[in-house]
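Dear colleague,

Here is the structure I said I would pass on. My notes on what was found in it follow below.

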Amino acid sequence: GLLALIVADAGRRDEARQLFGATIDSLRRVLELAPDGFESRLNLAGALANFASYELAAGELAAARPLLVEAVELAQRAHDEQPVDPHAAATVHNAVWFLGQVCARQGDHQELAAVAEQLAKLRPGEARTQRIAGALLAEACLALRADPTLAADGRDALFTERAERSLALLRHAAELGCADHSYLANHAHFAAVRELPAFAAIVAAMRANADAAK
């Protein structure tokens, strides 16, 4: 809970992990007593995501991932039950995004691509979310190239499919008003798709959005 976050900010790692664990255990018990409880499910999802975010910041990817997998499952169920609830929408969005970051850092391009699609579906009309999903898929393309377990022809075909999907999401983000042209032009996330001819047009569209906003 809040105390765990305060202790975490103070750099007291062992104590913070104990407090996060105690909070999660308590919320699990509440959910066991009321398995259909919307708020209790959402509170547990939020606590799991907070703990995972702390582990992610500390570079503990293996510890963060199962926490986020559970958080996503719980939050998605809550969001499906009450799609207009802003707390549920924000919790599942953040949990999916954090899970994407973990998968990217672990080089798990298969799960990363799936997470990117899940994120894109959560807010199809929001430019920032579409841009994040496109960036996650671009990272999946980069990780795919480094996967030694795939044959060259299969890897190339999958790369083309994912790269086109990444560009489609980024193009949609531009159509929705995204102006993050500098991010696309310079960040390492896009190293694998930046070479594609359609990428420059997307950057130009975002630059035009930025100019129009001045």
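**Helix 6 and the cores**

Helix 6 has 14 residues and spans 20 Å from its first C-alpha to its last, close to the 20 Å expected at 1.5 Å a residue (the expected span is 1.5 Å times one less than the number of residues). Helices here are DSSP runs of H or I, at least four residues, numbered from the N terminus.

This is a predicted model: local features need pLDDT of at least 70 and side-chain atom pairs count only at pLDDT 80 or more, while totals for chains, interfaces and linings use all residues. Residues are numbered from 1 along each chain as its sequence is written, and side-chain values use heavy atoms, with hydrogens and water left out.

The buried residues of helix 6 include His109, Leu112, Val115 and Leu119 (buried: under 20% relative accessible area, 1.4 Å probe, protein chains only). Helix 4, helix 5, helix 7 and helix 8 (152–175) are among what covers them.

The largest nonpolar core has 41 residues, of which Leu44, Leu48, Val96 and Leu119 touch the most other members. Such a core is a set of buried Ala, Val, Leu, Ile, Met, Phe, Trp, Tyr and Cys residues joined through side-chain atoms within 4.5 Å. Its largest share, 9 residues, comes from helix 3. Apart from this core lies another, of 21 residues, including Leu144 and Phe190.

Not counting residues up to four places away in sequence, Val96 touches Val72, Val115, Gln118, Leu119 and Leu122 (contact: heavy atoms within 4.5 Å).

Thr129, in helix 7, is buried, with a relative accessible area of 0%. Beyond its neighbours within four places in sequence, Thr129 contacts His93, Leu119 and Arg123.

Regards

Terms used:
Buried means under 20% relative accessible area, exposed over 50%, partly exposed in between (1.4 Å probe, protein chains only). Helices (H or I, at least four residues) and strands (E, at least two) are DSSP runs, numbered from the N terminus.
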